[in-house]
Every structure is written in C-alpha cells, then in structure tokens.
Amino acid sequence: MLLPTGMSIAAMQGMVAAYTGAASVSLARCAGQLRHTVDFANAFGAVSRGAAARVQGQPLEKLNMKGCIALRTDDIVTLCDYFDTLRGLTLRGCEDIDDAAVIMLSKYTAAQQTLPEALDALDIGAPDGAVSELAATNTIPTVPSYRNVSLQRSVLSNSLVGLRHSEAPSNPHSHLHPVLSADESEQSHSTSSAQRRQGQLLHSGSRLGLESLSLAGCEKVTEKGVTALLRGSAAAHSLTCLDVSRCAGLSGNALDIPPKAMLKQLIGNCCHAITSVTIQLPSTAPLESVSLTGCRKLKQVYISAPRLTDLAVDDCPQLHSLEVQCPNLTVLSASKCSQLNGFAPVLECPKLQQLNLFGCRQLLSEDIEEVLESLPELTRLNVNGCISLSRLVLKACTKLEWLDCSGCAHLHNISTPSSALTHMTAVACQRLVEASLQSARLSRLDLLNCAELRSLSFPELDQAMAQQLAGPVNLAGRKPRPKDHLSRRVNMCGCDRLPEAVLKALA
C-alpha cells in the first residue's frame, strides 16, 4: 500500500486500518514531508496504530522508506520501537543511514535470546520462581528497542512479572498510545513502548525477525555494518535477502559471506570499491542468487555454493579471475567483463543452461571451448562481441537452442551438433568462412554481412539443394511460398561469396 503525498497523521492511520489485506506500507511518496525526528515518530506511530486497529486482517510485514533522506539512526531506534512484526524493510536512498543503524537492524533480526544472556546483558534480577519458569523454555525474545537500557529493563521486568501472574494480554496491541510530540518526556515514551510489547514478549516463539533488507544507496554503510548483518546463524528467521547496491563505503572484500549466513539472495551492484568476493559455503547454506554487476574495481570472484542457481557479474571491467564451483547453477552472466581471459582454474557448473559472455574481448577459443566441454545442459550461449575468438566448435553442447556470436571479428569457423538449435545470429562476422549446423528446427538464422562466408550447411538447406538438383521446377504451377519458407527465416544479405546453388535454394 502506497501512502500518497500530503497525508495527515490521522489519514495515514485510517488508511492503514481500512486496508486490512495490505501486508506492506510505503512511505516513499511522503519522504518530502518527513524531515525531522518527530515527523518520523508521528508517521511510524500512525502506521503502527492503524495496523493494530485491524480487527481481522493481515499483519504489517513490510515497510518501504525509499528516498527518506532525512532518516537517521535515532529514527531507526523509533522504528524498532513501534514495529514488532516486520519481515521486510526498504531503506533505499536513505543517505544518512550508517553502521550504527545497520547494527541495530542486525539485532532486530535476532528472534530469540536465552534468559541468562538477557539477564546478564541488562544486569537485572528476576523475581524468585520467574527465572525457573522462563528457563524451562530457555528463551526470551530479543527486545527490538534500543532507545535506552531503562526501556529494556522495563520490558524484561514486565515479562517476568506477567509470567509470575500467569496472565498475558489477549491483544498484544491493546496498549498502543498516540505518537508523542517532541516536547513530551522520554519516560512516557518508554512506558508506552514497554506496554506495547508486554503481550508479545510472553510468546517469544512466534516473534519473527527481518527476512529482507534493502540498503541500496546508503553511502555511509561500511564493512562493519554489513559484517553485522551477515554474521548469520542456523536460526530459521535470519536475514535471507540483502541489497547493498551503490553503497560507496563498502570496499575490499566486504561482501564475503560467512559459512553460517542464511542469505538466499545477495545484491551488491555498483559497489565500486569492492575488489574481491570470496564465498565458500557448506551444502546446507541456502544461497540461491548473487548479483555483483557494475562493480568497477572488482578483480577476483570465487564462489562455491551448492545451492546457487543464478550468478551475475556483468559490467565489471577489471574482473580477470572468475572461479565458480556451483553444481546447481543454471544462469551465469558475465557480460562486458573486458579483462576476463578465462575461468581459473575451471567452471564447475554441470547444470548450467544459460551463459552470457557478451563483450568479453579477451576470451580465446581455447578458453571457452574448454569450459563448454563441461556444460552438457547448456541451452543459451551469448558470445556477441568476443572479438578474440577464432573458432567456435560446440561438440558437447547437444542441447543448445539459442546462439549469438555476432560481432566476432576474427571468427572463421562455427560448428555445432545440436539438433535443438532454433535461433542463431552471426551478424558482421567479417572473417567467417564456414558455418556447419545440424539442427532441422531452425526458425531464425541471421548471417547478415558475413562477406567471407563460403560454406553453409544445415539439414533443411541441404534438402532444398537436393530438390533443385532433382529436376527443373514448373514455375507456372508453383504455389506461393509458405510463411515458414527458408527465405523468410534466413537472412543472407551481404554473403556474396556463397555458392550459387546455396543462394538459389534460399531465394
């Protein structure tokens, strides 16, 4: 649900309450009117009260603060105070968010905390008998409030007292109060926050932490903050999706993922100070997707992730070493990596189906042929603009369906045994001499301006040439060309050196 510009606090609360099925709320359009801490506190309070007022409906799980450039660490404290059910948070373009705020959010993701740890951290005593009751479950929720220690003491104490009386509020939101103004006391705010949470603290097993977090464009975030987020554990409720694109403060190897992290998706596009990424995970790690496109200083990537299915390292002009050992990888895109000169030592991705090497100008035929030998499941290959290739012999790619080798200025030979090939493009391959295809399923073949092409072979063309040799055609009784005629599916313009018999068969 996208809250429109210029809404009053009361209108925000009413709209959130009215749309009972909306699990997400966006304040992106209200960014211009959120300029001070009290503005954010009022907005958070309105949204929180609106969600709590739903008699029956979807709990609030996602909050979008995109473009709120005035959002600061203190406001993240307030956000954590007001929202207990968030699963996703977007802080895209919030330029003042720093490591302190990110570390707070990393604590918010912790779903549970053992009682001894809670008592030690807060240094408080528990009533006799209450400790033993809570210790029986050995868990107490991590309080997602970081305003001050007194608030945490109050919340924990209320939980212990409530457990002693064996009575919890039936509605965890029943004690919500209106947002306080900037002039009201801190103690009142703390008391209100403690009351809001008392019911949920008694049911720590049901409280969930963040699953997705977007910090794209938060330039003050550094390795320290990201490390806190990626310090994963085996907890089921750990962070699973993280976007740190355009975080200029990230440098070196800040995106290395520790073995226990529970991330499923990592997005680190346009992190221009990152130089290397090393990800080596056990078989239980759930990582499925990594995107590192546009990292201008990225030089080395090593990834060993058993469950990874999608990897993108496009437009990394200094990337020269790419080592991938991912048995379930199906899509690999490394376009415009102009310094990539091979895969060191090897690409171990037996299930790879799509490989994009567009504009990899340093790749040699020997490098790519060695890699392709280990990719029997490959269906799409893009080597457009790989100007150092001299030949393209795809012996092992028997399932190849789509091939683009346009602009390969030094390519002189193309050969593929795949019977599944349906689309092939080899435009402006000025030195291409021979193209041998084995597919009878071609629906598009574009060889525009291959001026040196002298030999072309594929089953349907061979059959048409054989029919020509069988005898003259009765032009008077000939039917119009069908829509799927060779001439409609094959573009041979500029291929003037082909034998006359081939040109006639394609006419």
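I began with Cys 316: its sulfur lies 5.0 Å from the closest cysteine sulfur, that of Cys 295, which is too far for a bond. The model is a predicted one, and I read the entries below with that in mind.

I then looked at the burial of Cys 316. Cys 316 is buried, and its relative accessible area is 0%.

Next I checked Cys 405. Cys 405 takes part in no disulfide, and the nearest cysteine sulfur, in Cys 429, is 5.0 Å away. A disulfide needs the two sulfur atoms within 2.5 Å. Cys 405 is also buried, at a relative accessible area of 0%. For the structure I noted 0 disulfides.

I turned to helix α10, residues 365-372. Which of its residues are buried? I found Ser 365, Ile 368, Glu 369, Val 371 and Leu 372. Seen down the axis of α10, these buried residues fall within an arc of 160°, so they line one face of the helix. In an α-helix there are 3.6 residues a turn, so residues three or four places apart point the same way.

I looked up what that face meets.

Last, I went to the largest nonpolar core, which has 136 residues. Leu 3, Met 65, Leu 91 and Leu 447 touch the most other members. Helix α2 (residues 37-52) gives the most to this core, with 6 residues.

I followed up Leu 3. Apart from neighbours within four places in sequence, Leu 3 is in contact with Met 12, Met 15, Val 16, Val 25, Ser 26, Leu 27, Arg 29, Cys 30 and Val 47.

Methods
Residues numbered from 1 in each chain as written. Predicted model: local features only at pLDDT ≥ 70, side-chain atom pairs only at ≥ 80, totals over all residues. Heavy atoms only, no water. Buried < 20%, exposed > 50% of the residue type's maximum accessible area, 1.4 Å probe, protein only. Helix = DSSP H or I, 4+ residues; strand = E, 2+ residues; numbered from the N terminus. Arc of directions from axis to C-beta. Core = buried A, V, L, I, M, F, W, Y, C linked by side-chain atoms within 4.5 Å. Contact = heavy atoms within 4.5 Å.
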